[in-house]
Amino acid sequence: MKALVYVTLKPDVLDPQGVAVAASAHSLGYQALRAVRQGKLFEVELAAADERAARTQLQELCEKLLANPVIEDYRIERIEA
Amino acid sequence: MFAVLQFPGSNDDRDMLFALKSVLGVPARLVWHKETELPPNTQGVLLPGGFSYGDYLRPGAMARFSPIMAAVLRFAEAGGLVLGTCNGFQILCEAGLLPGALRPNRTLQFICERVWVRVENARTPFTSRARAGQLLRLPIKHGDGAYFVAADELARMQERGQIVLRYADASGAVSEAANPNGAIANIAGIVNEAGNVFGLMPHPEHAVEPLLGGGDGRAILGSLLDAVRQRAEVRA
């Protein structure tokens with residue numbers, strides 16, 4: 001089974017990398033760009049009986065490893081067989 | 001006996017060992033992260049700076065799962081004294097032994113310089129040789145040193161005296177200009193609620209000899225030594 005896991009910073013956490021990317025975009029002339037928040041995307045392959053089992057495993061993995069719950073949120077998307 | 005942990009990518013482990021053994025004259029040894037037990041009679045555990053596991057995922061995120069960390073968690077839960085500098089601080093936060101997290105520096109630049117930190121709480125086992133308000137001159141060298149914790153938790157930490165060190169200027173003023181990395185509330189070092197686990201971004205082990213730029217780090221490592229000796233006397 002394959003899944004996509006997005007890990008993003010909580011809204012109140014400063015993201016200096018996103019700010020720097022936005023500043024670079026502005027210097028390239030993309031004035032319409034308002035803000036950038038940088039996150040992570042994990043492509044995960046796992047063995048699981050069904051989508052629900054996969055989601056349970058992935059949630060555990062996010063809480064313990066992929067995300068730091070103090071500063072990050074996660075979102076599990078597109079689980080495919 | 002002091003145990004200095006050694007993770008793949010640690011690089012201040014031998015400096016910490018030198019500070020303890022050669023400068024303070026206490027027994028200490030390196031403990032490889034694959035070990036599952038701390039040495040017998042361990043009185044203090046030190047997590048050194050460096051880039052454990054190449055800072056993959058997040059600094060400290062991988063080291064937290066090293067086999068030795070289970071023993072460190074047990075040691076800390078039993079009240080044992082644990083001190084983490086720099087990457088060691090990051091590991092302690094990731095392991096849940098300290099609240100909060102370390103984020104990339106506000107400037108995104110690696111910072112390597114000497115800074116002033118103000119002792120906010122001198123009643124910890126790590127600052128007893130200092131007095132409240134005292135300024136220490138210590139080196140920092142990090143890319144991810146911006147301490148962050150949610151506002152409600154920060155308020156609780158302040159009430160409990162968990163904020164131990166803050167970045168300040170030479171006059172002792174805790175100001176935005178004196179904040180090198182964007183740490184919330186200028187925080188440079190904190191203890192856990194029980195007060196036996198200390199994490200700080202500055203490097204006391206790199207400030208133990210005046211010949212090498214200053215000796216203020218002794219105030220911190222010396223306090224730890226005093227605390228260990230006091231505990232040994234109580235037991236005896």
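**Exercise 1.** Find how strand β1 of chain A pairs with β2(A), and over how many bridges.

*Solution.* Start at residues 2–9 of chain A, which make up strand β1. Strands are DSSP runs of E, at least two residues long, and helices are runs of H or I, at least four long, numbered from the N terminus. Next, look across to β2(A): the two strands pair in the antiparallel sense over six bridges. Strands count as paired if DSSP finds at least two bridges between them. For one example, Lys2(A) has Glu45(A) in β2(A) as its bridge partner.

A note before going on: this is a predicted model, where local features need pLDDT of at least 70 and side-chain atom pairs count only at pLDDT 80 or more, while totals for chains, interfaces and linings use all residues. Residues are numbered from 1 along each chain as its sequence is written, with chains lettered from A and ligands numbered from 1 in the order in which they are written.

**Exercise 2.** Work out the strand order of the open sheet in chain A, and name its edge strands.

*Solution.* The three strands run in the order β2-β1-β3, with antiparallel pairing. The edges are β2 (40–45) and β3 (72–80) of chain A, each pairing on one side only.

**Exercise 3.** Describe the side of chain A that touches chain B.

*Solution.* First, the count: nine residues of chain A are in contact (C-beta atoms, placed from the backbone, within 7 Å) with 11 residues of chain B. Then the source: helix α1 (residues 16–27) of chain A gives the largest share of chain A's side, three residues.

Key. Contact = placed C-beta atoms within 7 Å.
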